[in-house]
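I opened my notebook to look up side-chain contacts in one protein chain. Here is the structure I worked from.

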Amino acid sequence: MSNDELTRRDFVTMTVAASLAAAAGSDVTAQQVVEKNVEIKTPDGACDAAFIHPANGAHPAVIIWPDAFGLRPSMRDMAKRLAAGGYSVLVPNPFYRVAKSPIWEDASKVDFQTERPKITPLMGSIQADGTVERDAPAFVAWLDMQKEVDRNKKIGTQGYCMGGGLVVRTAAAVPSRIGAGASFHGGGLVTDRPNSPHLLAPKIKARMYFGIATNDDMQQPDAKTKLREAFDAAKVPAEIEVYSMAQHGWCVPDMPAGANGPIYNKADAERAWAKLVALYKAALV
């Protein structure tokens, strides 16, 4: 569906991005942004998504892959912050094969264990073989048709938790267009299965960044080594960093609290955001 064919549920909002960015700690010279609900045709159906971009001009595009709680206000807020900095951002509903978004408005109120029977099949719907490999080319093709996207610039992609592996698969699925990929507290990046994301390194042409939570590193201490070996062998530039004070999910403001209290860590989330922005500035050229 094009921007001009929005349904009654869809909306267009104009936000004074300077205020938004100031609240998020961004550059006060940030641009005004436009937010739209869109649908994108994929080989598997119609994917509902948020498309958020500066009000004027054409800009590098970014695809944000959400975590297991899907497309919701916290993910839209990340997209708005990026858009305020000069990017045209698509946030797809990764679970469109199963349900429309939002499935949860506020993940902080979700009990993961109670909701696990609901979450598991949702995650399975996008983590299955071939899904991202069909979705990512459709998303890129759609973005390249938008006047707000500068097709002469590479596309970036970032993902959180579950979305980390989807970033790697996206970069491998559309190597000619994806110029940067960032995984934050990504799950399942290195497995012993033949479809492990790290094995896709030879197909990737993007500059990559992997921010790893300390508890993830403790559970799988060899993952960072195998990631490094895979990307070094493929001669793909990749920075791999363990955040020693951050728990799995630390970048997402509405992440449910853990046994020891809040998981979101603002200081480390801002550090990760700075890494992301630097990556995009260097690679989306």
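**Entry 1: Arg-271 and its neighbours**

I started with a charge and a ring: Arg-271 lies over the face of Tyr-243, at 4.2 Å from the ring centre. I noted at once that this is a predicted model.

An α-helix has 3.6 residues a turn, so residues three or four places apart point the same way.

Asp-268 is buried, at 11%. The limit for buried is under 20%.

I then looked for further links. Arg-271 and Asp-268 belong to a network of salt bridges with Glu-239, Glu-241 and Lys-275.

**Entry 2: Other salt bridges**

I searched the whole structure and got 21 salt bridges. One of them joins Glu-39 to Lys-100, with the closest N and O atoms 3.3 Å apart. This pair links distant parts of the chain, 61 residues apart. Glu-39 is in strand β2 (residues 33–42), and Lys-100 is in the loop between β5 (88–92) and α3 (112–127). Glu-39 is partly exposed at 22%, and Lys-100 is partly exposed at 41%.

I also looked up Asp-217 and Lys-224. Their side chains meet in a salt bridge of 2.8 Å, N to O. Asp-217 counts as buried at 15% relative accessibility, whereas Lys-224 is partly exposed at 28%.

**Entry 3: Aromatic pairs**

How many aromatic pairs does a search of the whole structure find? I got 9. Among them is Phe-51 with Trp-142, which is edge-to-face. The centres are 5.0 Å apart, and the planes make an angle of 85°. Phe-51 lies in strand β3 (residues 45–54) and Trp-142 in helix α4 (residues 131–144), so the pair ties together parts that are 91 residues apart in sequence. Phe-51 is buried, with a relative accessible area of 0%. Trp-142 is buried too, at 5%.

I turned to Tyr-160 and Phe-184. Their rings are stacked, 5.5 Å centre to centre, with 20° between the planes. Tyr-160 is in strand β6 (residues 155–160) and Phe-184 in strand β7 (residues 178–184), 24 residues apart. Both residues are buried.

I noted one cluster as well: Phe-69, Trp-104 and Phe-112 form it together.

**Entry 4: Helix α7**

I asked which residues of helix α7 (residues 223–233) are buried. They are Ala-223, Leu-227, Ala-230 and Phe-231. They cover an arc of only 90° around the axis, which puts them on the same side of α7. These buried residues pack against β8 (207–213) and β9 (238–243). After α7 comes Lys-235, whose phi is positive, near 60°.

**Entry 5: Cysteines**

I searched the whole structure for disulfides and found 0. A disulfide needs the two sulfur atoms within 2.5 Å. Cys-161 is buried, at 8% relative accessibility. I checked Cys-47 last, and it is buried at 0%.

Methods:
Residues are numbered from 1 along each chain as its sequence is written. This is a predicted model: local features need pLDDT of at least 70, side-chain atom pairs count only at pLDDT 80 or more; totals for chains, interfaces and linings use all residues. Side-chain values use heavy atoms; hydrogens and water are left out. Rings of Phe, Tyr and Trp (its six-membered ring) pair if their centres lie within 6.5 Å; planes under 30 degrees apart count as stacked, over 60 as edge-to-face and the rest as tilted. Helices (H or I, at least four residues) and strands (E, at least two) are DSSP runs, numbered from the N terminus. Buried means under 20% relative accessible area, exposed over 50%, partly exposed in between (1.4 Å probe, protein chains only). A charge sits over a ring if NZ of Lys or CZ of Arg is within 6 Å of the ring centre and within 35 degrees of the ring normal. The arc is that of the directions from the helix axis to the C-beta atoms. Contact means heavy atoms within 4.5 Å. A salt bridge is a side-chain nitrogen of Lys or Arg within 4 Å of a carboxyl oxygen of Asp or Glu.
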